[in-house]
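Reader: I have just opened a new structure and would like to learn how to read it. Could you take me through some of its features?

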Amino acid sequence: MSKILITGANGFLGQHLTIALSKTENEVVATSRGACRLPEGKYQYRSAELTNKTEVEQLINEVNPDIIIHTAALSKPDECNINRELCLNENVEATRNLITHSKAFFIYVSTDFIFGEDGPHAETALPAPLNFYGESKLMAEKVVEETNKPYAIVRPVFIYGKVWPGMRPGFLHWVKSNLEAGKRIKVVSDQQRTPTYVNDICKGIVSIINMKATGAFHLAGKDILSPYQMAVTTAEVLGLDTSLIENVTSETFPEPVKRAKRSGLLIERARTILGYEPVSFAEGVKASFE
Ligand SMILES: NC(=O)c1ccc[n+]([C@@H]2O[C@H](COP(=O)([O-])OP(=O)(O)OC[C@H]3O[C@@H](n4cnc5c(N)ncnc54)[C@H](OP(=O)(O)O)[C@@H]3O)[C@@H](O)[C@H]2O)c1
């Protein structure tokens with residue numbers, strides 16, 4: 001049995017991870033900013049601001065975790081671009097505070113945004129972030145690598161899954177609510193991703209913990225899809241009208257922040273070492289609404 005500290009526990013992945021790990025034999029301490037927004041479960045909750053060194057030192061000393069899973073981040077690329085100092089503090093300095101003050105096995109949740117075009121990318125691909133969010137996550141990866149403590153880096157892509165009360169609805173729910181209301185939606189078809197079902201990341205992280213597996217792992221989905229294909233699959237799985245979904249190009253929605261058109265991650269290393277086998281996107285969508 002290990003004592004596991006999960007950061008960003010009020011966030012989408014953090015909530016799912018906390019609930020998934022609290023069902024294992026491990027002792028789970030969940031931490032996030034402010035009051036606990038998690039559903040009930042077998043975990044303790046500690047509030048902490050991770051950019052504050054003193055608070056982090058206190059947290060680590062009091063919890064004394066064997067494993068830290070660091071999911072907390074400023075995860076919105078547009079916000080990172082506008083407020084770069086905050087982004088560096090939340091994504092890089094918070095990571096440094098946590099890893100510096102601990103002896104724990106450190107699992108850092110990174111992103112496909114550390115890579116550029118020409119995906120899907122393997123763990124051996126050269127990083128080439130296209131925006132400041134990706135740069136900050138890559139800087140944090142380097143902080144983790146350079147401390148010479150045991151670590152794993154996990155990179156998911158476009159996480160989706162069940163949304164609990166109090167969580168902000170994501171893309172799938174946006175598609176569902178619009179189509180149910182009979183509204184037409186425009187979705188881009190000239191981008192590719194390997195969307196990740198949140199329970200698959202949780203299972204992959206449990207395997208990393210059980211095997212004490214180190215290095216980088218791409219815990220993504222197995223299907224390479226455009227957002228348009230994702231919307232159509234969602235509609236098909238939910239029995240909604242696919243003709244309401246209009247296929248458009250990225251030019252329809254000019255974005256302030258550059259994002260890769262051909263992104264996505266290859267999962268062979270995770271398959272070989274961890275026995276990671278994600279569900280198909282259609283299966284993930286079905287499970288998200290059960
Ligand atoms: N979502 C995706 O599609 C995706 C894809 C690839 C990688 N990732 C990575 O996966 C991780 C989790 O993503 P997510 O979507 O679950 O993020 P999220 O929903 O935005 O949750 C992040 C959580 O971290 C907390 N947090 C941020 N800065 C903090 C700080 N300084 N001190 C304490 N808590 C802090 C936030 O607190 P507040 O609630 O108070 O803001 C929030 O609860 C991130 O590292 C992200 O970069 C996400």
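Reader: Is Asn148 buried or exposed?

Author: A residue is buried if 20 or more other C-beta atoms lie within 10 Å of its own, exposed if 12 or fewer, and partly exposed in between, with C-beta atoms placed from the backbone. Asn148 has 6 C-beta neighbours inside 10 Å, so Asn148 counts as exposed. Please keep in mind that this is a predicted model, where local features need pLDDT of at least 70, side-chain atom pairs count only at pLDDT 80 or more, and totals for chains, interfaces and linings use all residues. Residues are numbered from 1 along each chain as its sequence is written.

Reader: Where does Asn148 lie, and what is its phi?

Author: Most residues other than glycine have a negative phi, and most peptide bonds are trans. Phi of Asn148 is near 60°, a positive value in a residue other than glycine. Asn148 sits in the loop between helix 5 (132-146) and strand 6 (151-155); helices (H or I, at least four residues) and strands (E, at least two) are DSSP runs, numbered from the N terminus. Lys212 also has a positive phi, near 45°, and lies in the loop between helix 7 (198-211) and strand 10 (215-218). Lys212 is exposed, as 11 other C-beta atoms lie within 10 Å.

Reader: Which peptide bond is cis?

Author: The bond from Gly119 to Pro120 is cis, with omega near 5°. Pro120 belongs to the loop between strand 5 (105-109) and helix 5.

Reader: Which residues touch the most other members of the largest nonpolar core?

Author: In soluble globular proteins, nonpolar side chains tend to be buried together. A nonpolar core here is a set of buried Ala, Val, Leu, Ile, Met, Phe, Trp, Tyr and Cys residues joined through C-beta atoms within 7 Å. The largest one has 70 residues, and Ile6, Phe106, Ile107 and Val154 touch the most other members. At least three of its residues come from each of domain 1 (3-159 + 195-218) and domain 2 (163-194 + 223-264 + 279-288), with bounds from an automatic or database domain assignment. Leaving out residues up to four places away in sequence, Phe106 touches Ile68, His70, Ile99, Val144, Lys149 and Tyr151, where contact means C-beta atoms, placed from the backbone, within 7 Å.

Reader: How many residues of domain 1 are in contact with domain 2?

Author: Contact is counted between 21 residues of domain 1 and 22 residues of domain 2. On the domain 1 side, helix 1 (12-21) and helix 3 (77-82) each give two or more residues. Helix 3 provides the largest share, three residues. That side divides into ten nonpolar, five polar and six charged residues. For these classes, Ala, Val, Leu, Ile, Met, Phe, Trp, Tyr, Cys and Pro count as nonpolar, Asp, Glu, Lys and Arg as charged, and the others, Gly among them, as polar.

Reader: Which residues are closest to the ligand?

Author: A residue is near a molecule if its C-beta atom, placed from the backbone, lies within 6 Å of it. The ligand is surrounded by 26 residues, and the closest are Gly8, Gly11, Leu13, Ala72 and Ala73. Helix 1 gives the largest share of this shell, three residues. The shell has twelve nonpolar, ten polar and four charged residues.

Reader: How many helices and strands are in the chain?

Author: The chain has ten helices and eleven strands. Buried residues make up 45% of its 290 residues.

How values were computed. Contact = placed C-beta atoms within 7 Å.
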